[in-house]
Each structure stands twice: as structure tokens, then as C-alpha cells.
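Open the model in your viewer and keep the sequence panel beside it. Each stop below gives a selection and then what is there.

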Amino acid sequence: MPDDPDVQKRILRAELRERRQVMPPHERESATEGFTARLQELVGSTGAESLSCYLSMPTEPNTRPFVNWAEARGIRVLFPVTREDGLLDWTVGEDETEELGLFGTSHPGGELLGPMAINDVDLILVPAAAVDATGMRLGWGRGYFDKTLGSMGKCPPVYAVVFDSEFVERVPREVHDQPVNGVVTPTRIIAF
């Protein structure tokens, strides 16, 4: 493995991306049921009345059934909207439409609430390529969540959502990387 953490990250991301792409449909469906149940448990145990969650892309852990469950229960869900300047806007998606954002990410259509809106939630759910046993998160390399979490004064619990095989012993880290408070997989919730 090369010494440069940036190169290590790129190699690891490519492996993880490929593993997600070749996952059999039945495995993905079973994982979706697990994710939905674990995320519901997490909301129950944290008592979150508002949270931020991303709309998953096809190969990512599927957050959509969970989001539908949360909204049906009156939980306020903020969705990230990527901006050109590397910051995130947020929306509650009141339009009930879906739009394509930068880098192929999806977000619900609705009023943009600006980067500070995230400060009001009780729980933050973030995507990740992998998370290690110390709580370090390997993102997908764009730095949106690291910037967001790094700039928050009083940050609520942050949980990364990954498949079981993506909870690993160690991920390469750089100084700007932000750790998470916990990880949610289809089979468990781990708090650090």
C-alpha cells in the first residue's frame, strides 16, 4: 500500500465502489430492510424529532424507505443540496419532486434553507465509503460533509450509513477528516 493517505483513499474508494456495483439484488434488498430497521431504532434511541439524511444513489445503502417512514411520523428531515463552493444547502423537500444535483446526487425539490439550517437537527446521517473502528469516516472525496461537520458549533450525533463489509479496522486519514459518533449497518448500530 502506498504511503500517501490520498492515494490509499483513492485505491480503497475504487474497491468499495466496485463492490457496491456488483452486489447481488437479493443482498441489496435484504440490506435495505436491515438499514430501515436499524435507522428506525436509532431514531427511537436518540429521540430525534428532526434529522438530516441524504437521498441514496442506486448503489448506496438505500435510505428512501427510512426517510418515508420518518416523514410519515412527522419527523422533520433535512436533505443536503450540493453547491459549487463546496458547502451544502438544505431542503425539507416540500415539493415532493426529486432533482439531480452536482456529481449525480439526488435531492428533493423545495426551498433552499442555506448551510446553517443543519444546526437545528437532533441527528445527522451521512454517506460514507467506509468507517473504521475508531470512528474515522472515509467519504467519497468531495469533502462536503467534512466541511459541514467541521464548521458546526454544537454538533448533534453523526452516524455514517455503510454496508457491514465497509465497517473496517482502519481507514487512511488526513488532518481535515472528521470522525463520526457512530455507524449504522444492516445488522447493527455501533456508537463510538
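Where is the place of Thr185? Select Thr185: it sits in the loop between strand 11 (182-184) and strand 12 (189-191). Helices (H or I, at least four residues) and strands (E, at least two) are DSSP runs, numbered from the N terminus.

Before moving on, note that this is a predicted model: local features need pLDDT of at least 70, side-chain atom pairs count only at pLDDT 80 or more, and totals for chains, interfaces and linings use all residues. Residues are numbered from 1 along each chain as its sequence is written, and side-chain values use heavy atoms, with hydrogens and water left out.

**Stop 1: around Thr185**

Thr185 is buried, at 0% relative accessibility. Buried means under 20% relative accessible area, exposed over 50%, and partly exposed in between (1.4 Å probe, protein chains only). Now show its contacts (heavy atoms within 4.5 Å). Setting aside neighbours within four places in sequence, Thr185 touches Phe35, Arg38, Val162, Phe163 and Asp164.

**Stop 2: salt bridges**

Stay with Arg38. Its salt-bridge partner is Glu41, with the closest N and O atoms 2.9 Å apart. A salt bridge here is a side-chain nitrogen of Lys or Arg within 4 Å of a carboxyl oxygen of Asp or Glu. Both residues belong to helix 2 (residues 25-46), 3 residues apart, or about one helical turn. Arg38 is buried at 17% relative accessible area, whereas Glu41 is partly exposed at 41%.

Next, select Arg10 and Asp6. They form a salt bridge, the closest N and O atoms being 2.8 Å apart. Both lie in helix 1 (residues 5-21), 4 residues apart, about one turn of the helix. Asp6 is partly exposed, at 28% relative accessibility.

Now select Arg20 and Glu166. This salt bridge also has its closest N and O atoms 2.8 Å apart. Arg20 lies in helix 1 and Glu166 in the loop between strand 9 (158-161) and strand 10 (167-168), so the pair ties together parts that are 146 residues apart in sequence. Arg20 is buried, with a relative accessible area of 2%. Glu166 is buried too, with a value of 2%.

Finish with Lys9, Glu174 and Asp177, which are linked in a network of salt bridges. The whole structure holds 9 salt bridges.

**Stop 3**

Switch to cartoon view. In what order do the strands of the open sheet run? The order of its 7 strands is 3-2-1-6-9-11-12, with mixed pairing. Strand 3 (88-91) and strand 12 are the edge strands, each pairing on one side only. Two strands pair if DSSP finds at least two bridges between them.

Zoom in on strand 1 (residues 50-52) and strand 2 (residues 76-82). They pair in the parallel sense over 3 bridges. Ser52 stands opposite Leu78 in strand 2.

**Stop 4: helix 3**

Select helix 3 (residues 64-72). Helix 3 packs on the sheet, touching strand 1, strand 2 and strand 6.

Which residues of helix 3 are buried? Phe66, Val67, Trp69 and Ala70 are. They pack against helix 2, strand 1, strand 2 and strand 6. The face turned away from the buried side carries the exposed residues Asn68 and Ala72.

Notes: Axes fitted to C-alpha atoms, helices over the stretch in contact; angles between N-to-C directions.
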